[in-house]
Amino acid sequence: MAKEGADMTEETEYMIDKNVKKEIDNVETSGNAKEMRAVILSGFGGLNKLRVTKKAMPEPQDGEVKIRVKTCGLNFLDLMVRQGTIDNPPKPPLVPGFECSGIVESVGENTKGFEIGDRVMAFVNYDAWAEVVCAPVDFVYKMPDEMTFAEAAAFSLNFVAAYMMLFEVANLREGMSVLVHSAGGGVGQAVAQLCSTVPNVTVFGIASCFKHAAIRDSVAHLFDRNVDYIQEVKKISPEGVDIVLDCLCGENTGKGLSLLKPLGTYILYGASNMVTGETKSFFSFAKSWWQVEKVNPIKLYEENKVIAGFSLLNLLFKQGRCGLVKSVMDKLLCLYEEKKIKPVVDSLWALEEVKEAMQRIHDRGNIGKLILDVEKSPTPLMASDSTETSEAGEEEEEPEGDNDSKERMPFIH
Ligand SMILES: NC(=O)c1ccc[n+]([C@@H]2O[C@H](COP(=O)([O-])OP(=O)(O)OC[C@H]3O[C@@H](n4cnc5c(N)ncnc54)[C@H](OP(=O)(O)O)[C@@H]3O)[C@@H](O)[C@H]2O)c1
């Protein structure tokens, strides 16, 4: 029979203590290695530009912690980085990834607030998809005891971005309405959950049809991405909506603006429409750019509309707002501890399965967040594997789409 109450709590606490002790022991024994595994992007392009390789072990500098990584977040943005579709991309070869969770293995000099063995999640400006990451403490946050490493890697980017757009930029309040694209994805689900923390907020979501059953509880009005969503929203709310969150760009910018109520806020925070295939398409890039509504401030003034843009990574790594982000993270962790929000994890993948994981996003298959689990072994491929370790990480040309005939099943969370 299951144990109850105090007995159960004591046992759970004992188990947590024992696990933490085991983790610290592991951390200490793995601390002498000179190399680590990492995903490397050898050049911008298709999935064949990614492989797992060995890299020199990083060591923490002043004010940094060294994290033994457990899990990393895989975001839509990583597809754009791989293709070279982002503004001012760094020069490859590079290790992609902007967020991870794990255990502090050592701390650099003058590093305050963290100890060996702390369970943490972190933002990094690239380099996350590796066994070990060093990050300045300004970008590192302690995880609540009850949060899993997979949840932590699904938390930071999605929830901080969603929270800042809704509450810092658009000033979401009781009774408002919000329209969000890609409602079944990582950010989309974070937006839906955060909206549910404010009374009487109505969420209009757009997502591929097959996701609707899974996300119906979190989104009041769901539309298929192929329907004329302007007409559908106006049938329900003729005046439009208070907040439009647009991660698609292109023709959706004009549509979003046309849906705003007076005093409503439109926020552009992505350009998913620019990704139309495995590699960068100059045609999609130009089309998206060309289709963006050219906004006249006089028209905004006459129509009482607000236009905004939001990029969390720029805020963190270019504009130095880590203090503000830390205060947002504190509020989000309270909401998590009060069980008001919980990251939705779509699936877990080994580092060696990064191509298949990315393909799942290209195929619009994910509901929630994809996670790279550093300790997971790859599921064997049916045909010969093309993701073998390359010592130097140097580029070996492979034909595009070479994995078409091979399939791995993800571990669905
Ligand atoms: N500015 C920021 O600070 C910030 C932070 C995080 C994310 N973002 C942006 O927010 C958006 C969502 O990011 P995410 O990481 O949470 O990803 P995500 O929503 O989980 O991305 C995957 C989903 O996007 C939809 N999608 C739209 N256009 C697509 C395309 N061309 N190819 C494939 N899928 C497409 C698909 O869902 P449906 O088929 O259901 O539409 C797909 O399942 C992205 O544009 C990302 O760049 C911005």
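Predicted model: local features only at pLDDT ≥ 70, side-chain atom pairs only at ≥ 80, totals over all residues.
Colleague: Which polar atoms of Leu 312 and Asn 366 lie 2.7 Å from an oxygen atom of the ligand?

Modeller: For Leu 312, a polar backbone atom is 2.7 Å from an oxygen atom of the ligand. For Asn 366, a polar side-chain atom lies 2.7 Å from an oxygen atom of the ligand.

Colleague: Is the ligand buried or exposed, and how do you know that?

Modeller: Taken alone, the ligand exposes 910 Å², and the protein buries 94% of that. The ligand is therefore described as buried to the extent of 94% of its accessible area.

Colleague: Which elements give two or more residues to the shell around the ligand?

Modeller: They are helix H5 (186-195) and helix H13 (354-362). The shell itself comprises 24 residues, of which Ser 208, Lys 211, Ser 272, Val 275 and Leu 312 come nearest to the ligand. Its residues divide into eleven nonpolar, ten polar and three charged.

Colleague: Why is the ligand said to lie between two domains?

Modeller: Domain 1 (12-143 + 344-405) and domain 2 (157-317) both give residues to the shell, so the ligand lies between them.

Colleague: What makes E10 and E13 the edge strands of the open sheet?

Modeller: The six strands have the order E10-E9-E8-E11-E12-E13, with parallel pairing. Strand E10 (221-224) and strand E13 (306-309) each pair on one side only, and they are the edge strands. From one strand to the next, the twist averages 15°.

Colleague: How do you know that E8 and E11 are paired?

Modeller: Three bridges join strand E8 (residues 177-180) to strand E11 (residues 241-246). Pairing requires at least two bridges, so these strands pair, and they run parallel. Val 178 stands opposite Ile 243 in E11.

Colleague: Where is Pro 93 found, and what kind of peptide bond joins Pro 92 and Pro 93?

Modeller: Pro 93 is in the loop between helix H2 (76-83) and strand E4 (99-107). The bond joining Pro 92 and Pro 93 is cis, with omega about 5°.

Notes: Residues numbered from 1 in each chain as written. Heavy atoms only, no water. Near = heavy atom within 4 Å. Polar contact = N/O pair within 3.5 Å; in protein donor to acceptor, adjacent residues only side chain to side chain. Areas by Shrake-Rupley, 256 points an atom, 1.4 Å probe, with all protein chains shown as cover. Helix = DSSP H or I, 4+ residues; strand = E, 2+ residues; numbered from the N terminus. Nonpolar A, V, L, I, M, F, W, Y, C, P; charged D, E, K, R; others polar. Domains from an automatic or database assignment. Axes fitted to C-alpha atoms, helices over the stretch in contact; angles between N-to-C directions.
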